[in-house]
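Come along and keep the picture open beside you.

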Amino acid sequence: MGLSVAQKILKDHIVSGTMESGKPISIRIDQTLTQDATGTMAYLQFEALGVGRVKTELSVSYVDHNMLQDDFKNPDDHRYLQSIAARYGLHFSRPGNGICHQVHLERFGWPGKTLLGSDSHTPTSGGIGMIAIGAGGMDVALAMAGLPFNLKMPKVIGVKLTGKLQPFVSAKDIILEVLRRKTVKGGVGAVFEYFGPGVKTLSVPARATITNMGAELGATTSVFPSDEITKAFMDGQERGGQWTRLEADPDAVYDEALEIDLGALEPMIACPHSPDNVKKVREIAGLDVQQVAIGSCTNSSYTDMMTVAAMLKGRTVAPGLSVGISPGSRQVLEMISKDSGLTDLISSGARLLESGCGPCIGMGFAPPSGGVTIRSFNRNFEGRSGTKDAQSYLASPETCAAAALTGKITDPRDLGIPPIDAAVPSKFVVNDRMIIAPLSETEAAKVSIIRGPNIAPLPESRPLTGVLAGEVLLKTGDNITTDHIMPAGAKILPLRSNVPAISEYVFERVDKTFPKRALDLKGQGKAGFVVGGINYGQGSSREHAALAPMYLGVRAVIVKQFARIHLANLVNFGILPLTFENEADYDKVDQGDALELDVTKLESGKLVLRNKTKGIEIPLVHALTAKDIEMVRAGGALAYVKAQREAVPA
């Protein structure tokens, strides 16, 4: 039996385990990336490991999230990150150089390699033929220290693409169609691999749009083959020597399969407040729009920007709305300026925002109260835009541009504009002066780490032993995101390097009393429990959604089903992730109930939860590996690794 692209890369990198779906494996990581919202904590953890220099082939520290500098916190973190990169042998992408995923695709993506990133949209690089996985900062810190990444062997879902996209239908519409079919939990435990004749019609930036937003499926990652299209892109980036052909064997067998006729697709749109709430644009056409935002790591490439520029050229954005444009990298910004696209955008009335994440994470350019905002982004969770009651829609750059011109949600095919051909250039402007290369080991040893006053010491977790006795601090419903648990935005993101400070905002959008109640319970020596529904912890890889609750005294989270990255983050910080053996038992636990849980028999895979308030026992299960259990018992990954190293004779 032949192998798929994903299976070939995993086989080439497997360190331990068996390539059987659902079985634990460990893989070697070639590259890592961090961004500044997750990177500070990841590097504090890396420092705590006591490793003198990163062990990967290549590691890059990007600054693209916390770009708003209204006080010292963000610039202090950026200085810390730059000094860390210099001291430990990383590349450092300076503020303004661009969004990590766009820049990595352009300058570092390498077919056949593995990439682990402390950002859930790391799978963007799957568009160039990598196995690129989003993870918590702790997992990235361990990978930089030379340790393998642990996961369960994913099943491979093959997506066969046939035909060719019609004018004004683009890659965003493909991934929205996949989300419509599979939902935000349809990819848990899976890799989505794209194949078929339609693949040859898609550029690398288009492929990257699809793999980027595959994160919204809950997938481990998504991947495209590396072919002549990939080679042309890498040649244009002056990296053709790194290209290698990588395609599925003709007799490759997929665990699941679906087929999409590209020619039959039409413009799609994700309605509030979930990326899988997808409809055809024509179904809701005519809805008034107050804001349009084009960019993010999903749709900020040269081709995206030039397509929008061509649609807006000689026209003016509709009155009553604001249009923001965020080129994905300095390379993109320089090229659209050189090719007059920037002039067309500015002349139309669009506002030029920085080459960074910005409004996608609620860092500026928030919509008005109750406003409708249409965005070429990847997430439209409630409140993520920075405005609690805003209605966020996700669509292609073409559909966003149509709304910018009409002031209403509009099918771009109805504008009467001739088809746009913004082809991928054969040669890109290559200027890496904003990327600082690693120092030699000799020079690196002389570097002093710069720490601002907001960078607090790493909090320590406690070992998990005996019987947990406490109460349910919070009961949530389905599809709780990491934005619910640990919000982002201009107010909270600057506190990422100060866990006590950021912990004051845990579950702020759900229950503002949570932090105080949790600390009070912790002060009584009792354990905090959180109960949730299906797909708990979906969304961002932000490990603060586990780290801050750990600081507040949460010892166990009991749900119907976990999202992959959040489950791993809970283990990394010593919080026990459990699921109801019978989902109906979710209704037998309420906020405030007193609970007891004997955690001495984790190896059995089954536990009994005693609800003392209701006088009942509830069966729980978990899917933790033996190593996961050891880590939770130790109090988390950092404590576990330290203990392992201390046990080895010098």
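Entry 1. I began with E603, which counts as exposed at 54% relative accessibility. I kept in mind that this is a predicted model. My next stop was the partner of E603: its side chain meets that of R633 in a salt bridge, at 2.5 Å from N to O. R633 counts as partly exposed, at 24% relative accessibility.

Entry 2. Where do E603 and R633 lie? I found E603 in the loop between β25 (594–598) and β26 (606–611), and R633 in helix α20 (residues 626–634), so the pair ties together parts that are 30 residues apart in sequence.

Entry 3. Some salt bridges share partners, and I found one network that they join from K200, R207, D227, E228, R245 and E247. I also looked up the total, and the structure holds 41 salt bridges.

Entry 4. Then I turned to D235, which forms a salt bridge with K231; their closest N and O atoms are 3.0 Å apart. Both belong to helix α8 (residues 228–236), and because they are 4 residues apart there, about one helical turn separates them. D235 is partly exposed, with a relative accessible area of 38%, and K231 is partly exposed too, with 32%.

Entry 5. My last pair was K338 and D339, a salt bridge whose closest N and O atoms are 3.7 Å apart. Is K338 buried or exposed? I noted it as exposed, at 62% relative accessibility. D339 counts as partly exposed, at 30%.

A reminder to myself: side chains of opposite charge can pair when their charged atoms come close.

Notes
Residues are numbered from 1 along each chain as its sequence is written. This is a predicted model: local features need pLDDT of at least 70, side-chain atom pairs count only at pLDDT 80 or more; totals for chains, interfaces and linings use all residues. Side-chain values use heavy atoms; hydrogens and water are left out. A salt bridge is a side-chain nitrogen of Lys or Arg within 4 Å of a carboxyl oxygen of Asp or Glu. Helices (H or I, at least four residues) and strands (E, at least two) are DSSP runs, numbered from the N terminus. Buried means under 20% relative accessible area, exposed over 50%, partly exposed in between (1.4 Å probe, protein chains only).
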